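This report examines selected features of the structure shown below, from backbone geometry to the arrangement of domains.

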Amino acid sequence: MSKKDIYGINKWGKGFFEISKKGNLALKNPFEKKNDSVELIRVIRELNQKYSPPYIIRIIDYLEYMIYQIHQNFDKSIKEIGYKNKYRGVFPVKVNQQAQVVEKITSYGKKLDFGLEVGSKPELLIALTQKLSKNSLIVCNGIKDEEFITLCLLSSKLGIKIVIVLESIRELNLIVKISKKLKILPLLGLRIKLTNTISGKWSQSSGDRSAFGLPVEKITEVISILKKNQLLECLILQHSHLGSQVPDIIEIRKFTQEACRFFCEITKEGAPLKYLDLGGGLGIDYTGQNKSISHSINYSLEEYCFNIVETVKLQLDKEKIDHPVIITESGRACVAASSILIFNILDTTIFDSKKCPEITQKDHIYLSYMKQILNYLEKERLQECFNDLNYYRDELRILFRNNQINLKDMAKIEKTYLFILNKMKSLLLETKEISDDVLNTINNLADIYHGNFSVFQSLPDVWAIDQLHPIAPIHKLSEIPKRRAVLNDITCDSDGMISKFVLNDGISKTLPVHEIKNDEDYYLGVFFVGAYQETLGDLHNLFGDTNVASIKLFKNSKFKIIHKQVGDKVSEVLSYVEYSPSKLINNFIKIVNHKQNSDILKLTEKNKLLKTFKDSLQGYTYFEN
Ligand SMILES: Cc1ncc(COP(=O)(O)O)c(C=O)c1O
């Protein structure tokens, strides 16, 4: 039994996940580090008594912990650096709009004056109905219409601190008009387009060409319109957002520095700015590499907070401007770790041949040449063997196409090919210099493990932007995985494939997996899926939302499932695409009755068929046990 951490769980999962003595993936309680961890497979077994995978498992403790950590680390830096104001977090609702998530964030965050950031009317309605503290802010970004602005202004009469962030001059003119009409003064913010750019996937959301915010030349125009309408007093917040998943701490420092310059200048213009909102961007180390590269970050949360507070203090002190309340809109960092997608493997396609077929006189001469490769197969001649192997197989395939080799012989050829290639696979591990050709073919011969999930529904960023999430089995971690696989989802789409994995020793095109014995369940977890994935997902092939279970961790490895959300039923996804389930039943009954009249269908068969049709409508969209 080995407990080697092949998947890098101790790197990317630091503080949240570990491998238990029994070799299961276990959830640590970050608040109570001395508590024994909870094996995730136990949660799955409990859910399986009533439901079927795939599941999203939401660990509420992780959600609360991240909010607490962000707040605490800012607080600590503020004290250490002697910063003369506070930190206030706001959660950007777009990162995970699920009611369970937003409600947990606001109820836990109330004592920390955590607020919400919204970017649309539906998100505004969510925010307005949460129980926020009297000091919490609702920051309204995005494009706003008359109804949006009216709602903000009238809601401010309820004592809700709601800041309308100006994105354009058009919006400002609309606010001036509505505010005069309602005789309510707005709390205003100003979104600034900074010139600093970031590296990584979200670089386009930074710099001159970013879609949001006002460029320098428009800021002065905003200030004069505000002055002209006696509304400059209302401008209390300055906002900017560098982009998501910023990989490099230096970029955060430079961005903060630039934001501070604007803050000082706008203050000098007479605006009573009180809040400096630095947007999102705090990243997640998905690979555990701690580097300034995609899917990783080269800083800790502590460093992030310290760098921001220190930079703001230095910049503002230089220009003798009072320290503002610092706001960040961390979304990814708050919620990513709290959700895990769990799915079972339904089937495997194995590119392997355990035995080399016997070659007889009757076989084609190229097949015996092919087998002879085994006589000179060695590390130093790997490339040569690979070239020969493919040459013979290609020639034999031509003969098959030309009707000179039959199906049985072709099967023997393919088995011999796979047997030799698999021998090469084991040699490959000892060889450093190898051409990409050989490497690709060998990688292409990885098994395909077919998982009960939809990439498009549950991991849309994997499909759309090549997002890398750590993936690992949640059990059998003390057994050495003897196979390598890529993952295929349940949709009928070749894009529903995952072929990039985080491992302890780097990124790999294949995932080490265990052999699956007959009827045995094999579960994989995809980690850090709490940010952006749930609502960005789509209904490709009509696979709907998965079952979701929220859990809390307790002492002595105990856990409690505190909320279950049943995934979409077939009837629900059909109605999303405008089919009426009752009409479908009636149509099907007509079709069945018509056939029954012609005596094709027995009565028992008819009843069973109709029952199965109706049951299917009420069932889960995924494969059910
Ligand atoms: C304005 C704004 N604030 C906050 C965020 C959240 O960013 P992150 O998830 O990187 O914290 C975003 C997302 O890109 C955003 O556009």
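## Backbone geometry in the loops

Q245 lies in the loop between β10 (235–239) and α9 (249–268). In this predicted model, Q245 has a positive phi of about 50 degrees, although it is not a glycine. Q245 is also buried, at a relative accessible area of 5%.

A second residue of this kind is E578, whose phi is near 70 degrees, again a positive value in a residue other than glycine. E578 is found in the loop between α19 (570–576) and α20 (581–597). With 74% relative accessibility, E578 counts as exposed, whereas Q245 is buried.

The peptide bond from P53 to P54 is cis, with omega near 5 degrees. P54 belongs to the loop that lies between α2 (40–48) and β4 (55–59).

## The barrel

A closed barrel of 8 strands runs in the order β5-β6-β7-β8-β9-β10-β11-β12, and its pairing is parallel. From one strand to the next, the twist averages 25 degrees. Helix α7 (residues 169–182) packs on the sheet, where it touches β8 (161–166) and β9 (187–191). The direction of α7 makes about 135 degrees with that of β8.

V118 has C140, in β7, as its bridge partner.

## Cysteines

How many disulfides does the model contain? The count comes to 0. C140, the bridge partner of V118, is in no disulfide; the nearest cysteine sulfur is that of C152, 3.9 Å away. C140 is buried, with a relative accessible area of 0%.

C264 is likewise in no disulfide. Its nearest cysteine sulfur belongs to C260, at 6.5 Å. C264 is buried, and its relative accessible area is 0%.

Helix α14 (residues 407–428) and helix α15 (residues 436–444) have axes that come within 10 Å and cross at roughly 115 degrees. The crossing of α14 past α15 is left-handed. On the side of α14, the contact is made by Y417, L421, M424, K425 and L428. On the side of α15, V438, L439, T441 and I442 take part.

Helix α8 (residues 216–228) includes S224. Is S224 buried, partly exposed or exposed? S224 is partly exposed, because its relative accessible area of 41% falls between the 20% and 50% limits. S224 and I308 are 84 residues apart along the chain, and their C-alpha atoms are separated by 30 Å.

## Domain arrangement

The protein is divided into domain 1 (61–337), domain 2 (365–443) and domain 3 (571–618). The C-alpha centres of domain 2 and domain 3 lie 51 Å apart.

Conventions. Residues numbered from 1 in each chain as written. Predicted model: local features only at pLDDT ≥ 70, side-chain atom pairs only at ≥ 80, totals over all residues. Heavy atoms only, no water. Domains from an automatic or database assignment. Pairing = 2+ DSSP bridges. Helix = DSSP H or I, 4+ residues; strand = E, 2+ residues; numbered from the N terminus. Axes fitted to C-alpha atoms, helices over the stretch in contact; angles between N-to-C directions. Contact = heavy atoms within 4.5 Å. Disulfide = S-S within 2.5 Å. Buried < 20%, exposed > 50% of the residue type's maximum accessible area, 1.4 Å probe, protein only. Left-handed = near helix turned anticlockwise from the far one by under 90°.
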